[in-house]
Amino acid sequence: MQKPFLIVLIIAILGAVAIHFVAPELNAAVAFFTGAIIASVIFSLKGQSTEAGDNAASVEQYTGPTMTLYVGNLPYRVHEGEVKELFGKYGPVNSVRLVRDRKTGRRKGFGFIEMSEAGAQKAMSKLNEFDFQERTLKVREAKSQDSDKSERNENA
């Protein structure tokens with residue numbers, strides 16, 4: 001069972017007992033459902049206020065010098081939040097972009113992380129060859145698209 005469900009269930013039972021003592025003429029089932037409704041409303045309001053606080057904190061971006069990292073050999077099922085959490089241990093992360101196949105929409109197993117320059121240096125040294133969800137990550141400084149195009153033109 002999920003933790004929020006258990007909390008609502010416990011609060012509903014306590015609410016049913018309280019309502020039954022306050023108004024003993026009510027049927028126990030009616031008291032239980034009333035307690036469940038009150039508990040779920042309180043729980044959902046609490047959840048909305050917590051999400052608003054989380055969103056406010058996550059909108060704040062790092063404004064100093066940044067670096068973009070290439071991360072290869074990512075698990076295909078990994079989500080941006082998990083990658084942001086992993087790299088966030090080494091410095092502020094501005095963005096995480098996991099590349100998807102245009103036709104299928106499935107992740108390709110690599111992505112780009114924009115983060116503080118100092119944090120990126122730490123993350124490169126600590127997370128390159130790091131085992132993450134049973135995959136060995138490859139972390140490098142990302143090449144810009146402009147330098148990649150100029151290399152192709154020189155070779156042509």
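**View 1. Glutamine 133, a partly exposed residue in this predicted model.** The relative accessible area of glutamine 133 is 39%, and since buried means under 20% and exposed over 50%, this residue counts as partly exposed. Take a look at the backbone here: phi is positive, about 50 degrees, although glutamine 133 is not a glycine. The residue lies in the loop between β4 and β5 (135-136).

**View 2. Glutamate 129, in the loop between α4 and β4.** Helix α4 covers 117-127 and strand β4 covers 131-132, with glutamate 129 in the loop that joins them. Here too you will find a positive phi in a residue other than glycine, with a value near 65 degrees. Glutamate 129 counts as partly exposed because its relative accessibility is 45%.

**View 3. The open sheet of four strands.** Follow the strands in the order β2-β3-β1-β6, and you will see antiparallel pairing. Strands β2 (93-100) and β6 (138-141) each have a single partner strand, so these two stand at the edges and one side of each lacks a neighbour in the sheet. From one strand to the next, the twist averages 25 degrees.

**View 4. Strand β1 beside β6.** Strand β1, residues 66-72, pairs with β6 in the antiparallel sense over four bridges. For a handy landmark, find leucine 69, whose bridge partner in β6 is glutamate 141.

**View 5. Helix α3 on the sheet.** Residues 80-88 form helix α3, which packs on the sheet and touches β1, β2, β3 (107-116) and β6. The direction of α3 makes about 135 degrees with that of β2.

Notes: Residues numbered from 1 in each chain as written. Predicted model: local features only at pLDDT ≥ 70, side-chain atom pairs only at ≥ 80, totals over all residues. Heavy atoms only, no water. Buried < 20%, exposed > 50% of the residue type's maximum accessible area, 1.4 Å probe, protein only. Pairing = 2+ DSSP bridges. Axes fitted to C-alpha atoms, helices over the stretch in contact; angles between N-to-C directions. Contact = heavy atoms within 4.5 Å.
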